Amino acid sequence: MSVKWDARFTGPVPHDFSYYSKCMLGGALACGLTHAAITPLDVAKCNMQVNGAKYKGTFQTIGLLRAEEGSRGLWKGFGPTLVGYSAQGLFKFGLYEVFKDLYANLAGEENFKKYKPFIWVAGSASAEVFADIALCPLEMTKVKIQTSPAGTFPVPFGQALAAMSAQKASTKYPFGSLVPLWSRQIPYTVAKFVCFEGIVGLFYQHVFTKPKDTYSMPTQLGITFASGYLAGVVCAVVSHPADSLVSLMGKEANKGKSLGQIASETGFGTLATKGLGTRIVMIGTLTGLQWWIYDSFKTALGLGTTGGK
């Protein structure tokens, strides 16, 4: 009697509760640390999106913000960034592994092998729905801190959360940005995971053609970083218009306006391009480092690197 195929048992280690829990922790570290580390770039990008007339380029914006608010001004929003993206990463990476196995088993072995990209799309999109619910209140707080003129909104994490709650009629806290966040993050995450899985596969098919486990761990992690960086460039372009909308929602002048009204007044060209160069550098590096941290954590625990099987 043949044993029924199960995606959870096709890798180097079984995908059980312990495996998924470790992936969740690795995802929290990967997303939380990397997003927090590039807070100055994020502050510059958000201000360029919200006030393009004043903030015209990355280095000009960083210099202007430093002159106006000091070096501390470039690290505004560090707290909600660290906590929010750690929570997001926990669900993004951890639930991706869960949903990928779930959908693979629903499809069956033959269909999984034939339609792998569709499994990756469904798994990453499903995971991101939950990841953004965890992120949304903290992302709204971060954007408000970063884009408010100096002295008009609290910067300390706890005070900012209290102010967002007190002003929820106008800020739409805690889930007012959830729909644009989904609009930004679901395409971003689908591109991030599908492109990563695809690029890793191509590396192992056409460049590193020996069995994956014959390559050293530094080599495997180098492939992970390169694949993550290239996937990040695609992510940045795909998700940038929605990212601009999320930033513009925090602008004082846009209080009470609908997403459609903000988009119409701004124009798609501006939404799609303002701050894009900064975001490509930021997201490419960010995504490469996230995958590298995630896979480094997994290999340290004996789980192996992602993809390329």
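The sulfur of Cys195 lies 6.4 Å from the closest cysteine sulfur, that of Cys235, which is too far for a bond, a disulfide being defined as a pair of cysteine sulfur atoms within 2.5 Å. The structure described here is a predicted model, in which local features need pLDDT of at least 70 and side-chain atom pairs count only at pLDDT 80 or more, whereas totals for chains, interfaces and linings use all residues. Residues are numbered from 1 along each chain as its sequence is written, and side-chain values use heavy atoms, with hydrogens and water left out.

Under the sulfur criterion the number of disulfides is zero. Cys46 is likewise in no disulfide, since the nearest cysteine sulfur, that of Cys136, is 14 Å away. With regard to solvent exposure, residues are classed as buried under 20% relative accessible area, as exposed over 50%, and as partly exposed in between (1.4 Å probe, protein chains only). Cys46 counts as buried because its relative accessibility is 1%, while Cys195, with a relative accessible area of 22%, is partly exposed.

The nonpolar interior was described in terms of cores, each a set of buried Ala, Val, Leu, Ile, Met, Phe, Trp, Tyr and Cys residues joined through side-chain atoms within 4.5 Å. The largest such core contains 26 residues, of which Tyr19, Phe93, Trp291 and Tyr294 touch the most other members. At least two residues of this core are supplied by each of α1 (17-37), α4 (78-107), α6 (116-147), α9 (178-207), α10 (217-249) and α13 (276-300), where helices (H or I, at least four residues) and strands (E, at least two) are DSSP runs numbered from the N terminus. Helix α9 gives the largest share of this core, with six residues. For Trp291, when residues up to four places away in sequence are not counted, the residues touched are Phe93, Lys192, Phe193, Phe196, Thr224, Gly228 and Thr306, a contact meaning heavy atoms within 4.5 Å. A second, separate core of 12 residues includes Cys136, Met140, Phe153 and Tyr173.

Leu29 lies in helix α1 and is partly exposed, its relative accessible area being 33%.

The structure holds 14 salt bridges, each a side-chain nitrogen of Lys or Arg within 4 Å of a carboxyl oxygen of Asp or Glu. Glu97 takes part in a salt bridge with Lys100 at 4.0 Å, N to O, and these two residues, being three residues apart in helix α4, are separated by about one helical turn. Glu97 also meets Lys298 in a salt bridge at 3.9 Å, N to O. This second pair links distant parts of the chain, with Lys298 in helix α13 and Glu97 in helix α4, 201 residues apart. Glu97 and Lys100 are both buried, and Lys298 is buried as well. In a further salt bridge, the side chains of Glu265 and Lys257 meet at 2.9 Å, N to O; Glu265 counts as partly exposed because its relative accessibility is 48%. Salt bridges that share partners also join Asp42, Lys45, Glu139, Lys142 and Arg184 into one network.

Several loop residues were also examined. Trp75, in the loop between α3 (58-69) and α4, counts as partly exposed at 40% relative accessibility. Apart from neighbours within four places in sequence, Trp75 is in contact with Ala36, Ala37, Thr39 and Pro40. The C-alpha atoms of Trp75 and Asn254, which are 179 residues apart along the chain, are separated by 24 Å. In the loop between α8 (168-171) and α9, which holds Pro174, the peptide bond from Tyr173 to Pro174 is cis, with omega near 10°. Lys172 is also found in the loop between α8 and α9, and although Lys172 is not a glycine, it has a positive phi of about 60°. At 36% relative accessibility, Lys172 counts as partly exposed.
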